[in-house]
Amino acid sequence: MRRVRAAERAVLVGLAWGGRRAEAEAGLQVLALLAESAGAEVAASLLQERQRPDPATFIGSGKLAEVGRLAEEAGAGLVLFDDPLSPAQQRNLERALERKVLDRSQLILDIFAQRARSREGRLQVELAQLEDLLPRLAGKGVALSRLGGGIGTRGPGETKLETDRRRIRTRIQVLRRELEHVGRVRRAQRRGRTRRGAPVVALVGYTNAGKSTLFNALTGASARADDRLFMTLDPLCRRLAVEGGAELLLVDTVGFIRKLPHGLVAAFRATLEEVVEADLLLHVVDGAADDFEAQSEAVRRVLAEIGAQGVPQLLVFNKRDLCDPVRAAHLGASHPEGLLVSAQAGEGLSALRAALMERLELTARVVRLRFPAGAEDLGALHALGRVLSQEQTDGQVEVEAELPGRWLARFEEYRIA
């Protein structure tokens with residue numbers, strides 16, 4: 001009989017400084033969800049208020065002793081901090097607690113290492129982990145050999161974690177070259193999509209906002225959707241047919257989160273270019289979340305970091321079925337530009353498709369055009385629209401076609417009054 005491995009037990013630690021207790025408490029709640037997504041069992045949590053972090057151990061000596069007692073009583077071998085730890089702080093904490101210590105960024109990297117399925121995804125995660133590891137090497141191999149495997153040791157693995165800086169730097173260069181190749185392939189694929197004329201719509205939003213469920217509901221795909229954080233790492237692309245025979249390409253992307261590691265954003269840049277190059281972003285928001293405004297702001301910050309803040313957006317409040325009538329009315333009144341949908345229940349999807357057609361100017365219009373025989377743009381017309389009739393006389397080709405509004409300007413010089 002196969003033995004099920006017991007979940008690691010973890011103690012969560014947060015620090016509130018500058019009077020930001022509410023923000024720190026919210027951060028600990030998210031950290032608990034991240035820990036559970038990584039496969040840990042939250043045994044206890046602790047929040048300290050200080051004017052500033054301790055430069056040696058992040059928290060004060062009294063709280064450090066309290067964390068040690070909590071971990072001992074709960075049988076927890078893992079301590080998770082909600083804020084970034086310097087290499088020195090992490091080493092000091094591991095020595096004092098005699099337990100594995102990770103910060104929020106390292107925990108997110110571990111989740112990504114578990115979820116990455118494609119070669120591209122695994123390359124991106126390994127690069128981010130190695131770049132995070134490099135400044136932490138002093139004493140790290142000894143600590144990990146003593147503390148064992150589990151959360152925080154996936155991806156490169158213990159043997160690579162104990163190699164020297166030179167070998168890790170060499171591996172980082174190899175990964176960057178391979179990911180640059182991935183970027184070139186993705187750019188070539190995007191150029192091919194552009195030539196075919198279908199506009200690209202990218203789903204973006206806070207992790208667990210329901211993007212994959214909405215992607216499945218709109219396209220009929222079977223992308224894995226789960227009530228856990230970061231279920232989608234590798235972007236998925238599917239065609240979506242809308243009214244009048246028009247098509248668009250819908251791309252499901254990785255979810256964002258507050259304090260998303262900068263190294264992870266950089267490593268996933270080839271993937272996130274799908275967002276930057278999209279014609280429209282569907283910003284999916286969990287309408288049932290109490291802190292949806294803060295989640296939306298976190299998404300906007302990441303979009304700005306990757307250079308996508310200027311891409312047009314359509315705001316979509318998901319999980320309408322979990323909102324009471326008062327909340328739904330408030331969302332509609334406070335964000336009149338947004339749409340309320342339930343991907344799970346299929347509510348509001350017709351209105352969403354109509355909004356996509358309007359924003360992308362996909363409604364077809366009948367036009368009459370005259371081209372010189374052999375004109376390259378005649379071939380483009382066949383790719384972008386639907387030709388109803390075509391007649392060639394005296395070295396010219398007259399065409400009647402249905403053409404989406406977004407392409408009318410491209411063929412304006414050929415229009416017959």
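Strand 6 pairs with strand 7 (residues 247-252) through six bridges, and the two run antiparallel; strands count as paired if DSSP finds at least two bridges between them. The model is predicted, so local features need pLDDT of at least 70 and side-chain atom pairs pLDDT 80 or more, while totals for chains, interfaces and linings use all residues. Residues are numbered from 1 along each chain as its sequence is written, and side-chain values use heavy atoms, without hydrogens and water. The chain contains 15 helices and 13 strands, where helices (H or I, at least four residues) and strands (E, at least two) are DSSP runs numbered from the N terminus.

**Whole chain**

- Of the 417 residues, 51% are buried (under 20% relative accessible area; exposed is over 50% and partly exposed in between, with a 1.4 Å probe and protein chains only).
- Among contacts (heavy atoms within 4.5 Å) with a separation of 6 or more, 70% join residues 24 or more positions apart.

- All seven residues of strand 8 (residues 280-286) are buried, so the strand is largely enclosed by the rest of the structure.
- In a regular strand, side chains alternate between the two faces of the sheet.
- On one side of strand 8 the buried residues are Leu280, Leu282, Val284 and Asp286, and on the other Leu281, His283 and Val285.
- Strand 5 (residues 200-205) runs parallel to strand 8 and is joined to it by five bridges; Leu203 stands opposite Leu282.
- Strand 9 (residues 313-318) also pairs with strand 8 in the parallel sense, over six bridges, with Phe317 opposite Val285.
- Strand 8, helix 12 (residues 292-305) and strand 9 form a right-handed β-α-β unit: with the strands pointing away from the viewer, the path from the first strand over the helix to the second runs clockwise.

**Nonpolar cores**

- A nonpolar core is a set of buried Ala, Val, Leu, Ile, Met, Phe, Trp, Tyr and Cys residues joined through side-chain atoms within 4.5 Å.
- The largest core has 45 residues, and Leu80, Phe256, Val275, Leu281 and Leu303 have the most contacts inside it.
- Helix 1 (residues 21-38) gives this core its largest share, eight residues.
- A second, separate core has 25 residues, including Val242, Ala246, Ala343 and Leu360.
- Beyond its neighbours within four places in sequence, Val275 contacts residues including Ala202, Val204, Leu281 and Leu303.

**Cysteines**

- The whole structure has zero disulfides (cysteine sulfur atoms within 2.5 Å).
- Cys237 is partly exposed at 30% relative accessibility, and its bridge partner in strand 7 is Val251.
- Cys323 is buried, with a relative accessible area of 13%.

**Ala71**

- Ala71 lies in helix 2 (residues 61-74) and is buried, with a relative accessible area of 0%.
- Its C-alpha atom is separated by 7.6 Å from that of Ala10, 61 residues apart along the chain.
- Leaving aside neighbours within four places in sequence, Ala71 contacts Val11, Ala76 and Arg99.
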